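Okay, thanks everyone. Let me put this one up on the screen and walk you through it.

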Amino acid sequence: MSTKKVDRKRNRTIRRGIVLTLFVIVIIVGLALEPGKGRTLAIGDQAPDFQLVDLEGNVHRLSDYQGKGVFLNFWGTWCAPCKREMPHMESQYNVFKDQGVEVLAVNVKETDLKVSSFRNAYGLTFPIAIDKTEAVKEAYRIKPLPTTILIDPNGKIVDIVTREMSEEQVKHYMEMIRPEK
């Protein structure tokens, strides 16, 4: 091989190395500028505050529930496991709502009509808000639906459930986040 070909090959290799190094630097700087971005929430973390409007037009902020346990459920009308667990959530909500446990169901990006029809079909009485921009879904880094975040009266995440729950499991989790008397 001629010297020119060797030099060109070496220069290409050096350029690729420089490009790769710059790429890695950009990624590291990007993560440093957005702390927590890409990091999943964990048990013991403070639950991110948010503001959503329910189907009746009432504003719900997580910070408004200070002192209460919050059963924060992310769901969709199309989600079969969500459909199966909603009656369990309603049943247990009626047991625990007077014991300091709140249910807030957060629908992810569906129309008011679809969500309202679902609520009426299932006879749900707990607040249902729609995360139209997916900002809350992103803040909580929600992947599968249903996902339920269990938040204690101090605003700390007690557990994260990324599957369908039976009525007994819903009851257990509500007992777990119920404020002590």
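Quick bit of bookkeeping before the sheet: I'm saying two strands pair if DSSP finds at least two bridges between them. And keep in mind that this is a predicted model.

So, the sheet. It's open, it has five strands, and the order reads β5-β4-β3-β6-β7, with mixed pairing. At the edges sit β5, residues 128-131, and β7, residues 157-161, each pairing on one side only. On average, neighbouring strands are turned by 20° against each other, ignoring direction.

Let's zoom in on β3, residues 69-75. It runs antiparallel to β6, residues 147-151, and five bridges join the two. If you want one to look for, Leu72 has Ile149 as its bridge partner in β6.

On to the aromatics. How many aromatic pairs does a search of the whole structure find? Five. Take Tyr93 and Phe126: ring centres 5.8 Å apart, planes at 85°, so that's edge-to-face. What I like here is that the pair links distant parts of the chain, with Tyr93 in helix α2 and Phe126 in the loop between α3 and β5, 33 residues apart. Both Tyr93 and Phe126 are buried.

Phe118 and Tyr122 are a stacked pair, 4.4 Å centre to centre with 25° between the planes. They're four residues apart in α3, so about one helical turn separates them. Phe118 is buried, at 6% relative accessibility, while Tyr122 is partly exposed at 32%.

Last one: Phe50, Phe74 and Tyr140 form one aromatic cluster.

Terms used: Residues numbered from 1 in each chain as written. Predicted model: local features only at pLDDT ≥ 70, side-chain atom pairs only at ≥ 80, totals over all residues. Heavy atoms only, no water. Axes fitted to C-alpha atoms, helices over the stretch in contact; angles between N-to-C directions. Phe/Tyr/Trp six-rings, centres within 6.5 Å; stacked < 30°, edge-to-face > 60°. Buried < 20%, exposed > 50% of the residue type's maximum accessible area, 1.4 Å probe, protein only.
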